[in-house]
Amino acid sequence: MSRREGLSLLAVYAWDTSDVAQKEMTRYQSGAGQASAYMIGQLVIERLRNYAERSLKGNFNLKEFHYQVDGF
């Protein structure tokens with residue numbers, strides 16, 4: 001996909017034609033694995049949170065979870 005096509009998709013589906021969209025496009029083009037790495041990290045954190053919520057039940061504390069995850 002070309003830069004122009006990517007910016008067009010951001011304009012149509014994210015309603016963003018600002019310089020932020022251009023910066024995001026540059027960031028994704030600069031690092032080929034950046035988007036994949038971000039998504040994998042998000043999925044792992046979601047899995048950990050679900051596990052912690054199930055295990056701790058009423059003792060689960062979202063603020064404490066984020067504090068502990070940030071330590072990794």
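Is Glu24 buried, partly exposed or exposed? With a relative accessible area of 29%, Glu24 is partly exposed. Buried here means under 20% relative accessible area, exposed means over 50%, and partly exposed is in between (1.4 Å probe, protein chains only).

## Before you look around

This is a predicted model, so local features need pLDDT of at least 70 and side-chain atom pairs count only at pLDDT 80 or more, while totals for chains, interfaces and linings use all residues. Residues are numbered from 1 along each chain as its sequence is written, and side-chain values use heavy atoms, with hydrogens and water left out.

Let's start with charges. Side chains of opposite charge can pair when their charged atoms come close. Here a salt bridge is a side-chain nitrogen of Lys or Arg within 4 Å of a carboxyl oxygen of Asp or Glu, and the structure holds three of them. Helices are DSSP runs of H or I with at least four residues, numbered from the N terminus.

Glu24 pairs with Arg27 in a salt bridge, at 2.5 Å from N to O. Both sit in helix 2, three residues apart, or about one turn of the helix. Arg27 is partly exposed, at 36% relative accessible area. Arg27 also lies over the face of Tyr28, 4.8 Å from the ring centre. For that label, NZ of Lys or CZ of Arg has to be within 6 Å of the ring centre and within 35 degrees of the ring normal.

Another salt bridge joins the side chains of Lys23 and Asp19, at 3.4 Å from N to O. Because Lys23 and Asp19 are four residues apart in helix 2 (residues 19–30), about one helical turn separates them. Lys23 counts as exposed at 55% relative accessibility, whereas Asp19 is partly exposed at 43%.

## Helix 3 and what follows

Helix 3 covers residues 34–56, which makes 23 residues, and reaches 33 Å from its first C-alpha to its last. That is close to the 33 Å expected at 1.5 Å a residue; the expected span is 1.5 Å times one less than the number of residues. Arg49 is partly exposed at 31% relative accessibility, and so is Glu53 at 30%.

Most residues other than glycine have a negative phi. Lys57 has a positive phi of about 50° although it is not a glycine, and it is exposed at 65%. Trp15 also has a positive phi, near 50°. Trp15 is in the loop between helix 1 and helix 2 and counts as exposed at 75% relative accessibility.

## An aromatic pair

A pair of aromatic rings is described by the distance of the centres and the angle of the planes. The structure holds one such pair: Phe60 and Phe65, tilted, with 5.9 Å centre to centre and 45° between the planes. Rings of Phe, Tyr and Trp (its six-membered ring) pair if their centres lie within 6.5 Å; planes under 30 degrees apart count as stacked, over 60 as edge-to-face and the rest as tilted. Phe60 is buried at 18% relative accessibility, and Phe65 is buried at 10%.

Definitions and conventions. Helices (H or I, at least four residues) and strands (E, at least two) are DSSP runs, numbered from the N terminus.
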